[in-house]
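Okay, thanks everyone, let's get going.

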Amino acid sequence: MNRFADLLDMLAFTPSRNAKLRLLQDFFRTVPDPERGYALAAIARDLDIPAVKPAQLRELISARMDPELFGYSYDYVGDLAETIALAWPQKGEALAGRNDMPGLSEVVETLIASSRRDGPRLVEDWLDRLDPPGRYALLKLVTGGFRMGLSGRLIKQSLAAFGEVDVNEIEELWHGLAPPYTELFAWLEGSGDKPVNAAAAPFRPVMLSHAIDDKDFEKLDPKDFTAEWKWDGIRVQATSERGISRLYTRTGDDISATFPDLVDAIGFDGALDGELLVARATEGGLETGSFSDLQQRLNRKKVSAKQLRDFPAFFRAYDLLQEGDEDLRPRPFVERRQRLEAFVSGLDPARFDCSQLLSFESWDDLAALRANPPFAVIEGVMIKRKAAPYLPGRPKGEWFKWKRDPFLIDAVLMYAQRGHGKRSGFYSDYTFGVWREPGELVPVGKAYFGFTDDELIEIDKYVRNNTIERFGPVRSVRAGAEKGLVFEIAFEGINRSSRHKSGVAMRFPRISRLRWDKPPAEADRLETLERMIDGTE
Amino acid sequence: MATRPEDLLIPRREGLYCPPGDFFIDPVRNVDRALITHGHADHARAGHDHVLATPQTLDIMAIRYGADHARETQAAGFGETVRIKDVTVRFHPAGHVLGSAQIAVEWKDLRIVASGDYKPRPDPTCATFEPVPCDVFITEATFALPVFRHPDAMDEITRLLRSVSRNPERAHLVGVYSLGKAQRVIRLIRDAGYHQPLYLHGALQKLCDYYESQGIALGDLRPATVDAGAKGDFAGAIVLGPPSAFGDKWARRFPDPLVSFASGWMQVRARARQRGVELPLVISDHADWDELADTIQTVGPGEVWVTHGREEALVRWCAMQGIPARPLHLVGYEDEGD
């Protein structure tokens with residue numbers, strides 16, 4: 001358990017992505033089967049232990065220590081597993097030199113094989129034999145509460161780097177594998193064959209596009225390309241095989257449980273690439289919701305009937321990857337597109353449609369379309385080479401995204417926070433605001449990139465010389481009509497938000513220019529932002 | 001009529017006051033006569049008229065505030081009896097930092113021990129805590145929750161050294177308070193067999209020099225100045241500084257700094273993460289939960305007064321043991337000073 005506890009600690013406190021990748025690879029290299037596989041399953045949240053419920057953990061600790069003292073402790077620490085791990089009063093002597101600490105494999109295998117009645121008794125015995133980091137790891141394991149900022153993609157990349165294989169190979173295999181992944185590790189270490197994906201409805205790694213550059217157009221002949229709207233939802237894959245239907249994100253996370261309405265409507269045998277949106281079928285046709293409508297449905301474990309009714313999930317298809325037994329990915333886009341149109345015509349129109357192709361002769365035609373999209377939930381156009389096969393990853397020269405120009409506002413720097421890692425020692429995270437009333441700035445967003453290293457040094461100097469208050473790592477910066485630093489902020493979208501004091505929330509804000517020249521009084525007003533929302537609704 | 005402890009020591013705005021001796025213990029404002037338990041800034045302030053403390057605490061105050069920090073100073077060695085009006089006082093080692101003392105105050109048939117900040121476990125950089133039997137024991141409660149169980153400090157140092165060898169391209173910045181923690185951590189690093197130069201932020205230098213002069217060898221210490229080397233030269237090095245310096249321009253001179261912090265607060269993960277600490281080291285100069293309980297049982301006082309920290313938990317524990325206890329509401333002592 002100690003190696004696993006160490007890994008958790010290091011992952012939790014290491015801010016850098018590359019360092020996390022290294023930690024995971026080292027772990028896979030040095031820890032044997034099946035332990036490394038169980039650890040992988042735990043951090044990938046792929047481990048289903050018939051749960052020991054948090055209420056039972058509370059009972060265990062209440063039997064060991066005064067509930068009032070536990071209450072004070074829990075209030076202070078704020079995390080049940082951590083409080084119990086630290087405060088657990090051990091029976092018997094100190095742990096030093098003992099060799100009966102349970103290992104991760106023993107814990108997982110025993111728990112999986114035992115009844116819910118035995119669970120708490122087992123946990124109690126292990127808590128007595130573990131040290132505090134081991135207890136923490138055990139408690140998080142049984143409650144399944146790992147939250148440590150590790151994406152599924154990062155975990156798969158660490159496996160790919162460990163085995164020196166392409167990450168897409170891991171993505172394709174992943175859903176057919178089960179803990180402790182002995183076959184997978186054997187293959188990655190070169191001592192076994194590549195596992196055959198036995199799972200129905202596997203994920204197929206997604207094809208991505210490059211942002212187009214003005215000078216790219218000169219090299220591209222419009223006749224070789226098709227174009228379609230770029231919808232502002234989330235990119236997903238709907239796939240079904242042998243009666244099993246699944247919905248995946250573009251990184252291969254299975255989100256079927258969050259969208260039962262859509263998954264139930266998958267009556268086909270094949271794999272579709274498309275955009276997940278909220279859309280309602282009305283008499284006047286289909287009405288597509290905004291990204292903030294879609295947000296009502298994202299990241300939920302359980303969906304209420306009201307959400308299902310008010311924000312119905314909808315799939316706008318871009319591509320057909322598989323039809324029945326036939327893998328269409330090697331075929332050119334235009335051919336897949338024809339098959340797609342025929343395929344989608346047989347599906348429930350309240351849940352599925354086909355992304356519309358745009359007709360254009362020249363790039364100027366397309367520019368005119370892009371400048372005037374028919375719906376606010378369109379964020380630009382996609383340009384696809386007619387001859388391109390469906391290639392995983394981001395191949396060059398095949399697909400391009402041409403996003404609409406970002407929104408721009410001028411805002412005033414209000415608070416600055418110190419950064420981490422390479423930016424530690426610099427005030428690099430900024431909260432900016434706009435005027436609600438003359439003399440009253442209201443914060444509307446945060447930005448932490450978009451500037452050069454040299455500009456960072458200048459902003460940092462400004463923050464230090466104009467600090468009016470400090471709250472831990474945050475400084476409040478002088479911001480008035482006369483004195484203050486104005487940022488030009490670029491962002492992709494704007495919505496109403498009841499969670500923000502200003503009532504607005506921006507998507508993807510970043511600093512596009514420093515306006516040292518501009519008096520803060522001339523920065524934008526909140527009304528301007530509200531009008532932008534009205535304009536997009 | 002029996003003597004009441006409240007007649008001997010009572011909290012006032014300035015600090016803990018002794019009416020029959022007309023003095024304060026660790027006052028937070030300027031007073032005529034102050035008895036100081038140890039040199040940390042929230043206990044030892046400049047500007048009192050008369051200060052009584054151990055010789056080392058007086059030296060430390062002079063280093064921090066200048067020799068003229070008080071009009072008059074008087075040194076009391078450990079175990080020495082000093083008479084102040086009707087009261088006798090004696091200083092006993094508290095094991096917190098160099099020079100730190102508990103103050104036993106006696107009057108008529110009553111003895112109260114004001115223990116200041118204390119730590120019962122051995123520390124190579126200061127005299128070991130000595131339990132003093134008494135009628136009333138005044139205890140701190142900085143880490144008075146059952147979640148605070150400080151691990152062996154040497155194990156934490158081992159973790160630091162392991163991280164240094166695992167990250168040879170990075171500079172380890174270890175946050176330590178300048179009095180006590182810095183020197184203890186350095187001494188432990190040396191005891192762990194690491195004898196390469198350690199680099200110091202300027203704020204630590206004088207007190208490290210003072211510890212050396214008191215016979216506590218700290219090895220090769222160098223200033224962490226840019227003159228000492230170009231940025232890359234700090235790769236693989238251990239740099240010690242006050243934690244406040246790490247957010248400052250000062251920290252920019254180090255290659256891909258790995259921020260560490262040696263403090264009892266590092267026990268709680270959220271605390272470490274809020275501070276952006278990548279390598280939390282649980283090293284404290286205060287008693288942990290078990291040590292507070294053991295100390296109270298060893299001292300065996302008739303009554304316990306609990307001050308600065310999580311008073312309610314320790315008062316609750318005393319009640320469960322049948323020991324009369326109450327919180328002593330003193331203001332002005334910092335929660336964070338570990």
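I'll go through domains, contacts, cores and then sheets.

Quick housekeeping: this is a predicted model, where local features need pLDDT of at least 70 and side-chain atom pairs count only at pLDDT 80 or more, while totals for chains, interfaces and linings use all residues. Residues are numbered from 1 along each chain as its sequence is written, with chains lettered from A and ligands numbered from 1 in the order in which they are written.

So, chain A. We have domain 1 at 210-403 and domain 2 at 407-536, with the bounds coming from an automatic or database domain assignment. Their C-alpha centres are 34 Å apart. How many residues of each take part in the contact? Domain 1 of chain A gives 6 and domain 2 of chain A gives 4, where contact means C-beta atoms, placed from the backbone, within 7 Å. On the domain 1 side, that's 2 nonpolar, 2 polar and 2 charged. For those classes, Ala, Val, Leu, Ile, Met, Phe, Trp, Tyr, Cys and Pro are nonpolar, Asp, Glu, Lys and Arg are charged, and the others, Gly among them, are polar.

Over to chain B. Domain 1 comes in two pieces, 5-147 + 286-327, and domain 2 is 153-281. Here the C-alpha centres lie 29 Å apart, and the contact takes 15 residues from domain 1 of chain B and 14 from domain 2 of chain B. The domain 1 side splits into 7 nonpolar, 6 polar and 2 charged.

Now the two chains together. Chain A puts 23 residues into the contact and chain B puts in 29. On the chain A side, helix 1 (2-13), helix 5 (67-77) and helix 6 (80-87) each supply at least two residues; helices (H or I, at least four residues) and strands (E, at least two) are DSSP runs numbered from the N terminus.

Next, the inside. A nonpolar core here is a set of buried Ala, Val, Leu, Ile, Met, Phe, Trp, Tyr and Cys joined through C-beta atoms within 7 Å, and buried means 20 or more other C-beta atoms within 10 Å of a residue's own, placed from the backbone. The largest such core has 208 residues, and Leu138(A), Val105(B), Val185(B), Val239(B) and Leu240(B) have the most contacts inside it. Apart from that core lies another of 32 residues, including Phe426(A) and Ile511(A).

Last, sheets. In chain A there's an open one of 5 strands, ordered 1-12-11-2-10, with mixed pairing; strands pair if DSSP finds at least two bridges between them. Strand 1 (210-211) and strand 10 (357-358) of chain A are at the edges with a single partner strand each, so one side of each has no neighbour in the sheet. Strands 2 (225-231) and 11 (378-385) of chain A run antiparallel, joined by 6 bridges, and Glu228(A) has Met382(A) as its bridge partner.

In chain B, 7 strands make an open sheet, 7-8-9-10-11-18-19, again with mixed pairing. Strands 10 (110-114) and 11 (136-141) of chain B are parallel, with 3 bridges, and Ile112(B) sits opposite Val136(B).

How values were computed: Contact = placed C-beta atoms within 7 Å. Buried ≥ 20, exposed ≤ 12 C-beta atoms within 10 Å, placed from the backbone.
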